[in-house]
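Work through the following exercises with the sequence and the structure at hand, and try each task before you read its solution.

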Amino acid sequence: MENLTPAPNAGAKPTARGVFSHQDRKKASTRLFLLGATLVLILGALVTLAPIVWMVLGSFKTPAEIYSVPQTYIPADFNTDNYEEALRLVEFGRYFLNSLFICACVVAGQLLISSMAAYSLTKLRVRFAGGILLMFMTTLMVPFEVLIIPLYLIMKFFPFGPDLNNVNLINTYWAVILPGVFSAFSIIVLKDFYDSIPNEILYAARIDGCNETRVFFRFILPMTKPIMSILAVFSFVTTWNSFFWPLIVLNNPDYYPLVLGVQKLIDTGEPWNVVMAALVLSTIPSVLLLLFFQKTIIRGIAYTGIYG
Amino acid sequence: MADYKPFSIYDDDDEKKKSIQIPEEMKTRSGDLDLEIEDSPSRDDEKTRRELMNQLGGQASHPLEAAAEHKPSESLEKTPFLQGQSTETVEERVKEIVRRRKETGKVRDRRKVASIFDKPIEPDKPIRPGKAGWHPLSYRAQAFWFLFPALAFFLLFYLYPMVQGFDISLTHYSPLGKSVSVGWDNYNRAISDSLFWQTVVNAAAFTLISLAIGFWPPIVLAIFLNEITNGKGFLKVLYLLPFVIPAIPAANLWKWMFDEGFGVLNSILQALSLSPVGWLTDPRWALISIVLMFVWKNTGWFMLIYYASLQNLPEELYEAAELDGAGLWKKVFNITVPYLVPVMWILSIIQVLITFQIFTEVYVMTNGGPMHATEVIGTYIYKTAFGSMDLGYASAMAMLMFAALFLFTMVRFFQIRQVSR
């Protein structure tokens, strides 16, 4: 009974041995090869990074520089006029908070609902659990394009308004939040994870007098923190980056999430140096997220990569 | 010594002594559960009665009483109280007081009530669970309530829209109320719509090109990353950067880099004294340009999946191969690559699904592109549904797309099912 908390099994081994054996690694030819591999990796990283660097450079250029025909690669002067202009044109604070609010609601709702459902499906042995799970899994097969039109109509005539009348949810946060809350993907991942929790822990808790709600909040949720953090980051990133659905249901600039607001700015035909500054500003939160949660994201890709 | 007989302090006792009406759901198969209220009064009842008697009779207290508490009925028979009063009236008055107290809630009815456990156990009969009706607070129902929110969201935002979508696809939908049912007309229209087929061809081309360009780099990079010892974490983060940043900045950035006049790519081509390319304006190049951006965005992600898979490769395989004298290339092509084949399959299927559903990148970079060269199903549905408000036709196309993707999604579905077994 040393450690009952199950951990994601992927990436459990810290370093796997590569193709080269330890003896091989001392040879000069292997060292040369490894040097080559490192160079290729660095080259790839540079190619990956180059567009982002180009964006940052572009954001400092003057209009004359950015519209010069042999491109000036390095701006002569790093002034922040473009950023000031972008901040003047776009309500970044407002859009940022909109995005944050939507993401927080979606992540909180999705995690709560998914973990409750997974708990019910695995540990409470609800009736028809297999069938329900199968049904949930089929939603992974449905492309989003199939859903947008009826979902748009549902949002426009949402049947659960006050007094059970239709209410128009277009141009509200609800229109973006509600369809994002259910995620079959989270339920399946959590279900797999719960399957690895031994039932004896739950029996012990129940014998000690916990009801199911308490068992769930006091035992299951703390035990599943690693996978929950992975799912939280992933659904946050997905929601933060989502563009198609907000584009359809939001027309009021007051409710734009960040990416939609930036795209609307670009659609007005601003000069590209200002656009680059706006793009940099809209990229910063994601980059910070990656830097702060890099372990979680990388572990999550290793763990959930198989699910896609 | 009065000829006092213990009486019940509850006035409805006689009625309750008759056999109790057992509710339907408590009845057993044989249906003959005969329960009665036990008439031996509890000690609390006895206490209440004696208190009341004391109050009414005045001289009921007796030195023996405290000692005699264990056998109340016996002691009561010996107790010389209530002289000069008829038992009848006292009984009546006690019952009256008890009734009044019950109404004000001061006395609870403490008589033993009928319980299913009173039924004598028949050892040769198996004990069957009773068929209780569904109750919202029962254990089973608790499991249901835990599932309920997810089920509600699933029904409202997945199942119902799907059914609704199919329904809409059979109509000529007009937003102002009157939609006319037109049968399969929308589907026939889609099949004879060359633009629809163009989107299918484009999506297939997109998938093939992206597999051609972007299939091997992540694998090679993952194997290399697995070999080197320093800077792994740093490289991983760098490679993940394009995957994490939203599609909007990424697509706009690439749109600017692909710009025919001022883009950096043409600038480089000119520096190499090559002729510039209309990356997004030339129908031959537009699709490839978007694929390039797509590969840039996803390579790091795919690489990390391959890398994670390599972490689980058992090193005994390499050791055995080394003992058999296998060289570097043999090890790579006979152990590493075959080990990654299942992941390759998974990622290829994912890539097909992603590329068929691509929208944002195309919408931003070309919006269907020069002469519909980059029109994908997503942009076409978007234009049809929200540009010309032809929701019926757009739904029909979405359904056809679903059907076209069905094979791939089924493969994907079984992959996931295998994983979650």
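The exercises below concern a predicted model, and they go from one chain to the meeting of two chains.

**Exercise 1.** Describe chain B by its helices and strands, its buried share and its contacts.

*Solution.* Begin with the secondary structure, where chain B shows 17 helices and two strands. Next, turn to burial: of the 421 residues of chain B, 35% count as buried. Finally, take the contacts in chain B between residues at least 6 apart in sequence, of which 68% join residues at least 24 apart.

**Exercise 2.** How many residues of chain A are in contact with chain B, and into which classes do they divide?

*Solution.* Count both sides to begin with: 88 residues of chain A are in contact with 86 residues of chain B. On the side of chain A, the largest share comes from helix H1 (residues 28-58) of chain A, which supplies 13 residues. Sorting the residues of this side of chain A then gives 63 nonpolar, 18 polar and seven charged.

**Exercise 3.** Are helix H13 of chain A and helix H10 of chain B roughly parallel or roughly antiparallel to each other?

*Solution.* Start from the axes of H13 (residues 258-267) of chain A and H10 (residues 247-257) of chain B, which come within 9 Å and cross at roughly 30°. Angles under 35 degrees count as roughly parallel, and therefore H13(A) and H10(B) are roughly parallel to each other. The contact involves A:Val259, A:Val262, A:Gln263 and A:Ile266 from H13(A), together with B:Ile248, B:Pro249 and B:Asn252 from H10(B). By class, the residues of this contact comprise five nonpolar, two polar and no charged.

Terms used: Residues numbered from 1 in each chain as written. Chains lettered and ligands numbered in written order. Predicted model: local features only at pLDDT ≥ 70, side-chain atom pairs only at ≥ 80, totals over all residues. Axes fitted to C-alpha atoms, helices over the stretch in contact; angles between N-to-C directions. Helix = DSSP H or I, 4+ residues; strand = E, 2+ residues; numbered from the N terminus. Parallel < 35°, antiparallel > 145°, perpendicular 65-115°, else oblique. Contact = placed C-beta atoms within 7 Å. Nonpolar A, V, L, I, M, F, W, Y, C, P; charged D, E, K, R; others polar. Buried ≥ 20, exposed ≤ 12 C-beta atoms within 10 Å, placed from the backbone.
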